[in-house]
Amino acid sequence: MIAPACAQTIGLVMPVTNDTFRDTIAAGVAAAAKAAGYQVTQTDAQGDESLQIANAKQQIADGASALVVLGLAGSVETQIAALARAARVPLVFVNHEPDHALLGNGVAYVGSEEKVAGTLETEEACRLMGGKGSVVVLIGELTHPAARTRTRYVHEVLARPECKGIEILEEQGGNWDRAEAKALMQSFLDAGLRPDGVISNNDEMALGAIDALKPAGLKSVVTGIDATNDGLEAMKAGDLSATVLQDGRGQGALSVALVGKMLAGEAVEPLNWIPFVLVRPGDVAALQAKRTTN
C-alpha cells in the first residue's frame with residue numbers, strides 16, 4: 001500500500017544551484033510538490049559528477065520516495081538510473097536529456113525538444129538580419145545535449161538558401177554563464193570582430209554578449225533561449241532582439257506529476273515534452289503579466 005503523499009519525499013538532485021534556468025526548474029518542482037503534499041529535499045553537486053552520483057545515492061539511503069534529477073553527464077545518469085532501479089525508486093530526469101536506453105521501467109524524462117529552440121531563434125535572427133551579415137555563436141556547456149543540439153540546428157538554419165548570406169565568424173563555449181560570455185565577446189571585439197548578430201544557446205550568455213557590445217557602441221541582433229526574467233527585461237530595453245521560451249517551471253511541475261503517477265503504480269510515457277515558443281518584443285508584456293499572476 002502506498003503511503004499518503006504528505007509522507008513522501010522527492011529527492012531533487014541538482015547539478016548546481018547557481019544557474020538561473022536550472023533554479024527556475026527547481027522552483028517549479030518545489031511549487032508542484034507543495035501543492036501535491038510532497039516534501040522536497042534538494043542537493044547540490046557543485047558541478048561535480050562524482051558528487052552528484054553520491055548525492056543521489058544518499059537521497060535513496062535517506063528514504064526518498066522518488067528522485068528528480070537534472071543530470072550533469074550521460075555517465076552520471078547511467079549510474080543514477082541503476083541506483084534508482086535497484087532501490088525501486090521512481091526517477092524523472094529533467095532538462096538534461098539522457099540516453100533513451102535508460103528510459104522506461106520506472107525512469108522518465110521531461111524536457112523540451114532542443115532542435116526546436118535552435119531552429120526558432122536562428123530563424124528569427126536570420127529574419128531580423130535580412131539573411132545577410134556576420135554572427136558569432138555562443139555555445140553552452142560543450143558536453144550538454146541541449147547545447148550540442150541547439151548549435152546543430154543553428155547551422156542547419158543558416159544553411160538554408162534564405163540565410164546563406166550569414167557568415168559565422170566565431171563559435172565558442174560560454175558554459176551558459178553571463179560573465180564567461182561577456183569575457184568571450186570582449187575577446188572577439190579585441191581581435192577586431194564586429195558581428196552583426198549573436199546567436200546564443202541561452203539568455204544568460206546573450207546578456208553577457210550585450211554587456212560587452214554596448215560599451216563598444218555596437219548594436220547587433222542578439223537572440224537567446226529560455227525567456228528568463230532578465231532576458232525579458234533586456235528585450236523591453238531594446239537590447240535583446242528575441243528569445244525562446246523554455247518553460248522551466250512547467251518542466252519542474254510535470255516531473256512532479258509523473259512522480260505522482262509512478263508512485264501510484266501508473267504507467268507514464270518515457271519522453272515528455274513541453275513546447276518551446278518564440279518570444280519577440282511585442283510578446284513580453286503578456287508573458288510578464290502571466291508570470292505575475294502565476
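Strands β4 (residues 91-94) and β5 (residues 107-111) run parallel and are joined by four bridges. Strands (E, at least two residues) and helices (H or I, at least four residues) are DSSP runs, numbered from the N terminus. Two strands pair if DSSP finds at least two bridges between them. In this pair, Val 94 stands opposite Val 110 of β5.

This is a predicted model, in which local features need pLDDT of at least 70 and side-chain atom pairs count only at pLDDT 80 or more, while totals for chains, interfaces and linings use all residues. Residues are numbered from 1 along each chain as its sequence is written, and side-chain values use heavy atoms, with hydrogens and water left out.

Both strands belong to an open sheet of six strands with parallel pairing, in the order β2-β1-β3-β4-β5-β11. The edge strands β2 and β11 each have a single partner strand, so one side of each is left without a neighbour in the sheet.

Helix α1 packs on this sheet and touches these strands, contact meaning heavy atoms within 4.5 Å:

| Strand touched by α1 | Residues |
|---|---|
| β1 | residues 9-14 |
| β3 | residues 66-69 |

Helix α1 (residues 20-36) also touches β2 and β4, and its direction makes about 180 degrees with that of β1. Axes are lines fitted to C-alpha atoms, for helices over the stretch in contact, and angles run from 0 to 180 degrees between N-to-C directions.

Leu 218 lies in the loop between α7 (203-213) and β9 (221-223). Not counting residues up to four places away in sequence, Leu 218 touches Leu 189, Arg 194 and Leu 213.
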